[in-house]
Amino acid sequence: MKFERAIKGAVLAFFLNVPLVQADEPTLPPENIPVFYVQHGQTATFDGHKLVLEYVPHTTWFSDHPDRLAGSMTAEVFLAAWEPGGAFAGDPPNAALVYHEGDNGKTAIITLSSVKIHDDAGIEYEVEVIKGPLPTNAKNVTLFVDPGGRTNPTGG
């Protein structure tokens with residue numbers, strides 16, 4: 001419940017007065033500022049172990065107040081966080097996958113690990129479901145990744 005409130009609060013903070021940092025170019029978050037990460041996929045599939053987000057153009061990052069910074073990075077840069085020395089190496093992050101079933105919004109809480117590029121247009125995660133079911137197939141999904149207090153995903 002606390003994680004879900006943090007995600008909702010972070011999303012609200014993002015849409016309330018968050019200046020973009022070099023919005024026209026991909027950027028890394030500043031060092032020593034924890035940020036949340038957001039990925040939007042046109043579709044998602046889940047086979048019981050692997051979650052695939054298709055057509056993820058970039059990963060958006062943003063910080064809470066007082067900094068209120070935001071930017072974006074390529075999927076390759078974000079995935080480097082799971083490499084040795086990266087922020088998520090050895091300690092995979094939790095995330096919330098938000099999707100819809102009919103008119104109902106749903107949220108599943110998961111742990112992300114073993115990440116890789118999928119067919120040049122998507123991201124594939126090995127996942128552990130913590131709470132809520134993951135859909136076998138869904139459209140227009142959003143993944144909110146909790147940094148767990150960690151900063152720059154590439155280890156900065």
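In which strand does glutamine 39 lie? Glutamine 39 belongs to strand β1, where helices (H or I, at least four residues) and strands (E, at least two) are DSSP runs numbered from the N terminus. The model is predicted, so local features need pLDDT of at least 70 and side-chain atom pairs count only at pLDDT 80 or more, while totals for chains, interfaces and linings use all residues. Residues are numbered from 1 along each chain as its sequence is written, and side-chain values use heavy atoms, with hydrogens and water left out.

Glutamine 39 has a relative accessible area of 0% and is therefore buried; buried means under 20% relative accessible area, exposed over 50%, and partly exposed in between, with a 1.4 Å probe and protein chains only. Its side chain makes polar contacts with the side chains of threonine 59, at 2.9 Å, and tyrosine 125, at 2.7 Å. A polar contact is a pair of N or O atoms within 3.5 Å; within protein, one must be able to donate a hydrogen and the other to accept it, and residues adjacent in sequence count only if both atoms are side-chain atoms. Leaving aside neighbours within four places in sequence, glutamine 39 is in contact with residues including Leu53, Phe78, Tyr125 and Leu143, contact being heavy atoms within 4.5 Å.

Aromatic rings come next. Rings of Phe, Tyr and Trp (its six-membered ring) pair if their centres lie within 6.5 Å; planes under 30 degrees apart count as stacked, over 60 as edge-to-face and the rest as tilted. The count comes to seven aromatic pairs. One of them, between tyrosine 37 and phenylalanine 78, is tilted, at 5.1 Å centre to centre and 55° between the planes. Because tyrosine 37 is in strand β1 and phenylalanine 78 in helix α2, this pair ties together parts that are 41 residues apart in sequence. Tyrosine 37 also pairs with phenylalanine 88: the ring centres are 6.2 Å apart and the planes at 90°, so the pair is edge-to-face. Phenylalanine 88 lies in the loop between α2 and β5, so this second pair joins parts 51 residues apart in sequence. Tyr37, Phe78, Trp82, Phe88 and Tyr125 form one aromatic cluster.

Histidine 118 is in strand β6 and counts as buried at 19% relative accessibility. Side-chain polar contacts join histidine 118 to aspartate 119, at 3.2 Å, and to glutamate 124, at 3.1 Å.

Some backbone details remain. The peptide bond from histidine 65 to proline 66 is cis, with omega near 10°, and proline 66 is in the loop between β3 (59-62) and β4 (70-73). Arginine 68 is found in the loop between β3 and β4, and its phi is positive, near 50°, in a residue other than glycine. Asparagine 140, in strand β8, is not a glycine but has a positive phi of about 50°.
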